Amino acid sequence: MSSQRLFIRNGFVVSMDPDVGEIPNGDVLVEDGVIVEIGRGLEVGDAEEVDATGMIVMPGFVDTHRHTWQTPVRGVLPSCTLDHYFAVMLGSVGGHYRPEDVHIGDYAGSLEALNAGITTLLDWSHINNTPDHADAAIQGLKDAGIRAVYAHGMPTGGEWWMLSDLEHPEDIRRIRETYFSSDDGLLTLAMAARQPGNSSFDVAKHDWALARELDILISVHVGMRLHNLHYEPVKDMRDLGLMGEDVCYIHMTDLTDQEMDFIAETGGRASIAPYVEMLMGHGPPPTGKLLSRGVRPSLSVDVVSSVPGEMFTQMRTALVYDRILEFTDTPDEAYNPKLTHRDVLEFATIDGARTCGLDEKVGSLTVGKQGDIVLLKTDAINTAPVLDPIGTIVVFADTSNVDSVFVAGRAVKRNGELVGHDLRQVFRKLDESRNHILGEGGLLPDWAAESAATA
């Protein structure tokens, strides 16, 4: 059987691999989904050739925490607090989701990610009101063709979220056996776990043991500021013996210094979502606190119910927020910020891959890794001329510059258009899902209700 070969020619290669570096007028050869050669002036025959002149060739972005199921209610809470978000999304909206709403949410949300150059995401799926909901989420990820870590969570009801005595759904065992008997596919499995306090301590110990029995990553929200709530969840985890290198901590915006030390000392992984953390008042993004302890954070979108679904916003927000924290009290002290544009691009690529446990597969353009590749147009009015290609990516580019996207060497976007998907049907299903969910929750705007009634 002949091999499938993809030859990307004459682009500005930004590899995110220090041994490869940046290569102007560079080429990348992918064979059977794997990068086999990177260089200049490669002589390649019998391959699909893509002319990347006027483009940056870079690894796909990695989003390490997204509640993808919320895509049908995009923008329902554009300027809310975290307390309001919990009351609306988990206290009401989530309970109105049918399996078909979860499917279109994960399907359309994954397409949105791919369209923006995100080739890998961790889908933090706490919408598993029934086993059918979980099946629908996984099918949505598959249908989109994205690389994803499916983080199986619990249902949305309030009984699961405050000192709950309900253990993580045992259905995760069926899901592991049915969909994830191998870890070699585009989709892998994690547990979307609750911090101690959301669950009782005994339940937390049970859930961590279950994840470790299944040999999967544990992803957990910790330390977000909520009104009148005083707690130290990471200290509780340490006291319970739960911490380890297989745990990814999300947000960490209101932890004590001691708790941040515990994360570093135990080799924990980190995912921050700077836009939503400042918008909803989780607390200040802890980028500098993590870096000072030797922990490289990754970036995440979190929720499109409130946040843009691409990584350009996250990179820029992370960069400018952490730099202004170095502002001095008087002009007699020099302003000396440490975080750079290269740092935040690393957060959005190779550090994200490490966070998901996929750095041997993705996160950089490296021989032997998967061909998850993005081509960014630089002969565009918002990006030309190019001086520093990493600066172009972080500071100036946006989704409109994402020309082509490949996952394991397979084109999912070409010439600015997603490949192989009926977007009119996607939009129709999103409208139907939005109308059902928000209609049941009493949140559908009058204009949308009138449109639905006459459709």
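Okay, so let's start with Glu22, which forms a salt bridge with Arg342, their closest N and O atoms being 3.2 Å apart. By salt bridge I mean a side-chain nitrogen of Lys or Arg within 4 Å of a carboxyl oxygen of Asp or Glu. Glu22 sits in strand E2 (residues 22-31) and Arg342 in helix H11 (residues 341-348), so this pair ties together parts that are 320 residues apart in sequence. Those labels are DSSP runs numbered from the N terminus, with helices (H or I) having at least four residues and strands (E) at least two.

Before I go on, this is a predicted model, where local features need pLDDT of at least 70 and side-chain atom pairs count only at pLDDT 80 or more, while totals for chains, interfaces and linings use all residues. Residues are numbered from 1 along each chain as its sequence is written, and side-chain values use heavy atoms, leaving out hydrogens and water.

How many salt bridges does the structure hold? The count is 31. Another one pairs Asp135 with Arg174, with the closest N and O atoms 3.0 Å apart. Asp135 is in helix H3 (residues 131-144) and Arg174 is in helix H4 (residues 171-179), so here the parts tied together are 39 residues apart in sequence. Arg174 counts as partly exposed, at 28%.

Then there's Glu170 with Arg173, where the closest N and O atoms are 2.7 Å apart. Glu170 is partly exposed at 41%, and Arg173 is partly exposed at 32%. Elsewhere, salt bridges that share partners join Arg296, Asp343, Glu346, Asp351 and Arg354 into one network.

Now back to H4, and what it meets. The axes of H4 and helix H5 (residues 201-214) come within 11 Å and cross at roughly 15 degrees. The axes are lines fitted to C-alpha atoms over the stretch in contact, and angles run from 0 to 180 degrees between N-to-C directions. That makes H4 roughly parallel to H5, a label for angles under 35 degrees.

Which residues touch? Ile172, Arg173 and Arg176 in H4 meet Leu210, Glu213 and Leu214 in H5, contact being heavy atoms within 4.5 Å.

Notes. Buried < 20%, exposed > 50% of the residue type's maximum accessible area, 1.4 Å probe, protein only. Parallel < 35°, antiparallel > 145°, perpendicular 65-115°, else oblique.
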